[in-house]
Amino acid sequence: MIDVEWLRGLHVNSPDGVIHGFLGMGTEWVVLQCTHSDGMETALSIRKNHLGFHIGEVSHMLTDTPGYDMGRVNRKLRQLTETGGAETGGADLIIAPYDELYSKVISLLAAGGMPKLLSEARSSMGTVIGAMAVPFILSTAAIRRRLEDIASVDAGMDGAEPVTVNGPAFPFSGDRGKLASWARLMTEFLSEWLEQVSPDPADRADLLEDDPLYIWGGAAMDGFFTDDELPAVVEYITETFGWLPEHPMAYAYSQHAFILSNVLSTFLNEARAMRLVKLAAMLGFLFPVLDRSGNQVSDGAAIRRMRTDAPTLFEVMRGHTIG
Amino acid sequence: MTHFDWFVPGYDGDPTQESSGEEWHRAAENQEGLRVKEWDVFLSHATEDKADVAVPLADALERAGIRVWVDDRQLRIGDSIREKIDEGLSRSRYGAVILSPNFVAKPWPRRELNALFALEEGGTPLILPVWHNIDRATVLSYSPILADRLAANTNDGMDEAAKKIAAVVLNDPTSPAGRLLGLLDAAADPDDVKSFLLSHPQILGYATGGGRNVQVHGDVSLGDASGDLFVGTFQPTALSWSWYLIMLGKVDNHPADADDPLNRIARQVSQMRRWTANHLFDARSQLPDLRSGFSATIVLGRRAQLSPEDETALRDFNDLSVGTRARTYDWFADAARDSR
């Protein structure tokens, strides 16, 4: 939740100056009062979907030095995995990179249906990853919720009233009734389409919000944890959930990170996805990540995993096969 | 006659209109929020006291969170003091009169001065005398009524004088903030607090960051659970509503009570969120555009009555919880004061 009382009390040194107050909150933005380093009073607008606002911690998005309590952030992220995002309406709504990713998918569907989404996926991700990623993304709870959200914008309202949907990154507008009809049709269509293409059940899109790598990786992409802090984050995750490559859901977690890193890298911003890749590699999950041109930009191998005496997912799986 | 009656005609411009001051006050609150008057206090002073007393006192009052108006047209010989103060009170909740040697040296009609205080009989003081470089004997010889009505003395320093005035203004039992504090101090039933808040949506708007134009719904059923107060803000950019739930525990609850009131209510909130996620259309038929991840605050207990165990329970809850926050009822009291 965005806690206005907390925002009113913010007083932090930001890269641009000093943030010392809350000016207001709109549909998409939180506006903070800032005294610029040259003394000029300015307003600083930051998108509401930033994780720090929702868990009430000052992330690196606002400050030049860590302004949060790492233990508390870890406890709150753990809470997110335990509730499966139920308390926030979905972790994807409060973690900016995920919000932007799913919003982009919905906006492509709204702009040109499945042909548009598939064409964009093929051109940016390539055929192989695209063929794996699109069914996975479309079978997530995040996409289902977003379509349900649009499908019921006419509830209790005049269908002719206009509304803007799909969040701050890729919004689109229309009459409530027409948008709701479109979303209902799209939901039905996707249900049939997913039955036909049969996403790999081992990918377990239904477990995404229980996946520690998804939640901590999202936090790492959305302004939390310095590189120096990542080893402690890995320790916390390991203490809490065990060494992830040995977790019963390790394959699914690895697939989640692999698909999302590639989709984020190709659809949105390659640099942002690298924090998820780095955390995954430190936890023993190694996979290739491509950029929009199809070049491999990382395989995580250069990143030292935290427990060199513990196996990577690959080693765990090879062991299982041999055994 | 209530103490509001005498300035009603001046406010609405119709001196012939008869109305109950209490009714007018309520109507004005509903129309304009808690800021019924533009200022909390206006300062009345002799011309000679402006620079040395009125302006520094006004600055100190502003520092104490009081909205203050220093009339540019200071009191001069021959002015009708009653007229000037009437004028001030038409825009301010209180008048502070600086009683100084300069003030008492002027030949104000005593009759008018005394008449001012007669207006307050049976009610909360409206005129707050501030003594400046003057002793009781001098004031007594000038006006026995004034001598008994010391509100503040600048001999204690401007900040101290301002603090005393602020204490009167901010704790006015007839103001919404004062009435709310009265309810909380009496450990009122949460339903009574809810009724009060429903009729003062601006308090909820300020507390939740929704501003003055919020819509508030009480007792909204979402499945088997019911939300005490849903505060809605219309977002003009998205042309849609966003909602904030407030759940009320007991005013005399303690977060660390054996029956674990915080987590008990938090479970109800979770239940409502899950129901909303699964019945979005039905939920939105009651509250348009409601999302299952609505923000929520659980309110219970009073800040001053928290034991160390209560503080730990509150802190632990807030450290762990995402999407729901726990606060004491002082959250409302602070919002009522700050939203004036």
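This is a predicted model: local features need pLDDT of at least 70, side-chain atom pairs count only at pLDDT 80 or more; totals for chains, interfaces and linings use all residues.
Local features are described at pLDDT of at least 70 and side-chain atom pairs at pLDDT 80 or more, while totals for chains, interfaces and linings use all residues; side-chain values use heavy atoms, without hydrogens and water. Residues are numbered from 1 along each chain as its sequence is written, with chains lettered from A in the order in which they are written.

**Confidence**
- Chain A averages a pLDDT of 87, with 93% of its residues at 70 or above; pLDDT is the predictor's confidence in each residue, from 0 to 100.
- Within chain A, helix α9 (residues 212-221) has the highest mean, 96, and helix α13 (residues 313-322) the lowest, 61; helices are DSSP runs of H or I with at least four residues, strands are E runs of at least two, and both are numbered from the N terminus.
- Chain B averages 79, and 76% of its residues score at least 70.
- Among the elements of chain B, helix α14 (residues 280-286) has the highest mean pLDDT (96) and helix α1 (residues 8-12) the lowest (24).
- Residues 1-36 of chain B have a pLDDT below 50, and this stretch makes 57 contacts beyond near neighbours in sequence (heavy atoms within 4.5 Å).
- For the complex, the predictor gives an ipTM of 0.85 and a pTM of 0.75.

**The interface**
- Chain B brings 35 residues to the contact and chain A brings 33.
- About 2,900 Å² is buried between the chains, 49% of it from carbon and sulfur atoms; buried area is the accessible area (1.4 Å probe) that two parts lose on being put together, summed over both.
- On the chain B side, B:R284, B:D319 and B:V322 lose the most area to chain A, together 21% of what that side buries.
- The chains share 8 salt bridges (a side-chain nitrogen of Lys or Arg within 4 Å of a carboxyl oxygen of Asp or Glu).
- The side chains of A:R176 and B:D289 form a salt bridge, at 2.8 Å from N to O.
- Several elements give two or more residues to the side of chain B that touches chain A, including α13 (261-278) and α15 (308-320) of chain B; α14(B) gives the most, with 4 residues.

**Two positive phi angles**
- A:R204, a residue other than glycine, has a positive phi near 50 degrees and sits in the loop between α8 (176-197) and α9 of chain A.
- B:D260 also has a positive phi near 50 degrees, and its place is the loop between β8 and α13 of chain B.
- A:R204 counts as partly exposed because its relative accessibility is 29%, where buried means under 20%, exposed over 50% and partly exposed in between (1.4 Å probe, protein chains only).
- B:D260, at 28%, is partly exposed too.
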